[in-house]
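Reader: I'd like to learn how to read a model like this one. Can we go through it together?

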Amino acid sequence: MEEQPDKIDRILNRLSERLGEWEEWSQIAIENETAFKSYTALSTKAHMDSGCSHAKAQVEVQATPEWAAHFKAVAESNLRVEMAKKQMAALDLQFRAEQTKQANLRRVV
């Protein structure tokens, strides 16, 4: 008969899953931010090369749907990274509470 994982093991498994998600979304966030900054710099430079001032070039770039799509991708991936961090923090608290609970039960028995 297989032993069922106890609550601490289940919490640790979920924490490990969240850690994997955090790592994956962190990598995506890095890629999205890199693409966003590259797009912004290249587009701004192209407008400036055609005679626009830096300020006008920035406004022109930020007015495009492509810039908005890049910006949104960065914001969404950063949000997912933060959500994974919060979930890991909550699981850490659950783990500590369960550890304390089990330690207290060992003292009572």
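Reader: Among contacts in the chain between residues at least 6 apart in sequence, what share join residues at least 24 apart?

Author: A contact means heavy atoms within 4.5 Å. Here, 79% of those contacts join residues at least 24 apart. Some background: this is a predicted model, where local features need pLDDT of at least 70, side-chain atom pairs count only at pLDDT 80 or more, and totals for chains, interfaces and linings use all residues. Residues are numbered from 1 along each chain as its sequence is written, and side-chain values use heavy atoms, with hydrogens and water left out.

Reader: How many helices and strands does the chain have?

Author: Helices (H or I, at least four residues) and strands (E, at least two) are DSSP runs, numbered from the N terminus. This chain has three helices and zero strands, so from the N terminus on the order reads α-α-α.

Reader: What radius of gyration does the chain have?

Author: That radius is taken over C-alpha atoms, and the globule rule is 2.2 Å times the number of residues to the power 0.38. The chain has 23 Å, whereas a compact globule of 109 residues would have a value near 13 Å. Along the principal axes, the C-alpha atoms fill a box of roughly 80 × 30 × 15 Å.

Reader: What percentage of the residues is buried?

Author: Buried means under 20% relative accessible area, exposed over 50%, and partly exposed in between (1.4 Å probe, protein chains only). In this chain, buried residues make up 19% of the 109.

Reader: Which residues form the largest nonpolar core?

Author: Such a core is a set of buried Ala, Val, Leu, Ile, Met, Phe, Trp, Tyr and Cys residues joined through side-chain atoms within 4.5 Å. The largest one here has five residues: Phe 36, Tyr 39, Val 61, Trp 67 and Val 74. Helix 1 (7-49) and helix 3 (65-108) are the elements that give two or more residues to this core. Leaving aside neighbours within four places in sequence, Trp 67 is in contact with Phe 36, Tyr 39, Thr 40, Val 61 and Gln 62.

Reader: Why does Glu 98 count as buried?

Author: Glu 98 counts as buried because its relative accessibility is 7%. This residue is found in helix 3. Not counting residues up to four places away in sequence, Glu 98 touches Lys 7, Ile 8 and Ile 11.

Reader: And is Gln 58 buried or partly exposed?

Author: Gln 58 is partly exposed, because its relative accessible area is 34%. You'll find Gln 58 in helix 2 (residues 54-62). Gln 58 and Thr 44 are 14 residues apart in sequence, and 5.7 Å apart in space, C-alpha to C-alpha.
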